[in-house]
Amino acid sequence: MQSNNIPDSRGSNYFRIDPYSESLLRTYLKPGLFEHLLPVFDRLGQQVGDSLDELADIADKNPPVLTVRKRSGNDGDTIHKHPAYVELEKVAYSQLGLAAMSHRKGVLGWNETFPPAAKYALSHLFVQAEFGLCCPVSMTDSLARTLKKYGSPELVEQVLPQVASQDFEQLQQGAMFMTEQAAGSDVSATQTLAVPAEDGSWRLSGDKWFCSNPDAGFAMVLARSEEADGLKGVSLFLLPKVKPDGTQNDYRILRLKDKLGTRSMASGEIRLQGAFAWLVGERGRGFQQMADMINNSRLSNGMRAAGLMRRAVSEAIYFSQHRVAFGKRIIELPLMQRQLVKMIMRAEQGRSVMFQTAHALEKADNNDAEGKNLVRILTPLIKFRACRDARVVTGDAMEVRGGCGYIEEWTEPRLLRDAHLGSIWEGTSNIVALDVLRAIQKSDGLAALQRHTQYLLENGMPCKESLQELQTSCFKKAFELAANAAGSNAPEKARQVGSALYNVISIAAMRWEAKQTSIESRNLLADQVLLHRLAPKDPLTEESFCEENRAILAYAL
């Protein structure tokens, strides 16, 4: 009988093998909602470990295909999605209602709309099986949010029920067509032209270079409607796939991108040929209005990065528990323990900042000034740092599995490929780090973050006495660095500032969570962030944190 020497976690419940998941849900959700959703998370965790993971693997290996003509010879763009991807869509949009739960009541049997913390927690679990689909889901959710905020009442009434539907046959998914060859992150260089029509609608002409979910029912599009140069000439438009008269709109999908990751989901190039569109919001303020959708997508990117890291960590822990080398389970080896703890640390930083940003977003949506300032700075922080960390953690997970981790039969290659997306879409790391500085310069974000950090520390589990002085000093220096960089307009310091503030808020959040959950290992993880990511460190000084590593892993197992 052949022995099974390669541990395989397929079939695991990824909600239950995550030691922090239930306690953090209980901490961040109100009791009634927590009790209502707990069985949902339990079922989804099992799906992530078996059926959804299998579907995601199939969809990744069978990317969508574009045909541009019908067999009759007539033009007709059609994206053919693999049945496995369609099944994933049905779970995300219809079964779970991930794109609808912020906009309509009754999703998952709950009589209210869901708060951001619940939506992002569910998405954090779902993304551990399928990453690519979460981009269209996020854009559909974000399009509905932006439309409600800036669209006319008549347009909202017409479109919102379609994009917030859980009926898969009636659902119209959302997209965002912003990027052009000459205008990536520099939206002021937008060349697509918008011309008003006699009936009050608009006609759009030009090429959009990177359009994910290109066959969506509706897309938010930036186009130049005014003679003014730069951002002042750009407006926001809603582009329907089908015109009000029932005919196909006047744009073409030229080709699909052959991407490194997110291969299950179509991304293409669009040529607008006098396409019908509605103006959304005020003329000439398109970027300011689109920014709400972009920021929502950036938060979703950070959440997805945190989810990828959690899946990578779960895979690495499972493998190291069951793999024997040199007469021991490799999880017993000190260097493996050190590597796993560093992976856990980054993954849990991401999840903590995700929950903190979700709570700030809920307050901001309720017109709370402090919440608005917090979400303004927390969103670029998680987009910048969590997405960078995901590239490291997924790579380490591949290394833990060894040679098999490099083989496409296993999960790690897909995690690694997908992880590189977050640092590019909706703004590269440099662009988002600069946005951290802008949040400090143009809002009360830094002061709000400092106040919130202090609140979390005062209501959290204290760090051990030997670290108190170091923590106080590092936090003080981090906030001073951020204030000085923003005050002197020093863009070269933006990445340093972003990393420092991200580490500060994640330390404070984990200490607060440690007290709320009575889980000391989260406080130990905060210690690791302080010692290894925030405090100055001499690489030649001998250090040993074996006891802390063993304590963290003891809870993780």
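Analyst: The model shown is predicted. The accessible surface of the protein chain comes to about 22900 Å². Carbon and sulfur atoms hold 49% of that surface.

User: How many helices and strands does the protein chain have?

Analyst: The secondary structure of the protein chain contains both kinds of element. The count comes to 17 helices and eleven strands.

User: Why can the protein chain be called as compact as a globular protein of that length?

Analyst: For 557 residues, the globule rule gives 24 Å. The protein chain is as compact as a globular protein of that length because its radius of gyration is close to that value, at 24 Å.

User: What share of the contacts with a separation of 6 or more joins residues 24 or more positions apart?

Analyst: The contacts considered here are those in the protein chain with a separation of 6 or more. Among these, residues 24 or more positions apart account for 74%.

User: Is Thr411 buried or exposed?

Analyst: Thr411 is found in the loop between α10 (369-401) and α11 (412-419). Its relative accessible area is 10%. A residue counts as buried under 20%, so Thr411 is buried.

User: Which residue has a side chain joined to that of Thr411 by a polar contact?

Analyst: Not counting residues up to four places away in sequence, Thr411 touches Asp53, Arg311 and Glu315. A polar contact of 3.2 Å joins the side chain of Thr411 to that of Arg311.

Notes:
Residues are numbered from 1 along each chain as its sequence is written. This is a predicted model: local features need pLDDT of at least 70, side-chain atom pairs count only at pLDDT 80 or more; totals for chains, interfaces and linings use all residues. Side-chain values use heavy atoms; hydrogens and water are left out. Helices (H or I, at least four residues) and strands (E, at least two) are DSSP runs, numbered from the N terminus. The radius of gyration is taken over C-alpha atoms; the globule rule is 2.2 Å times the number of residues to the power 0.38. Contact means heavy atoms within 4.5 Å. Accessible areas come from the Shrake-Rupley method with a 1.4 Å probe; for residues, only the protein chains shown count as cover. Buried means under 20% relative accessible area, exposed over 50%, partly exposed in between (1.4 Å probe, protein chains only). A polar contact is a pair of N or O atoms within 3.5 Å; within protein, one must be able to donate a hydrogen and the other to accept it, and residues adjacent in sequence count only if both atoms are side-chain atoms.
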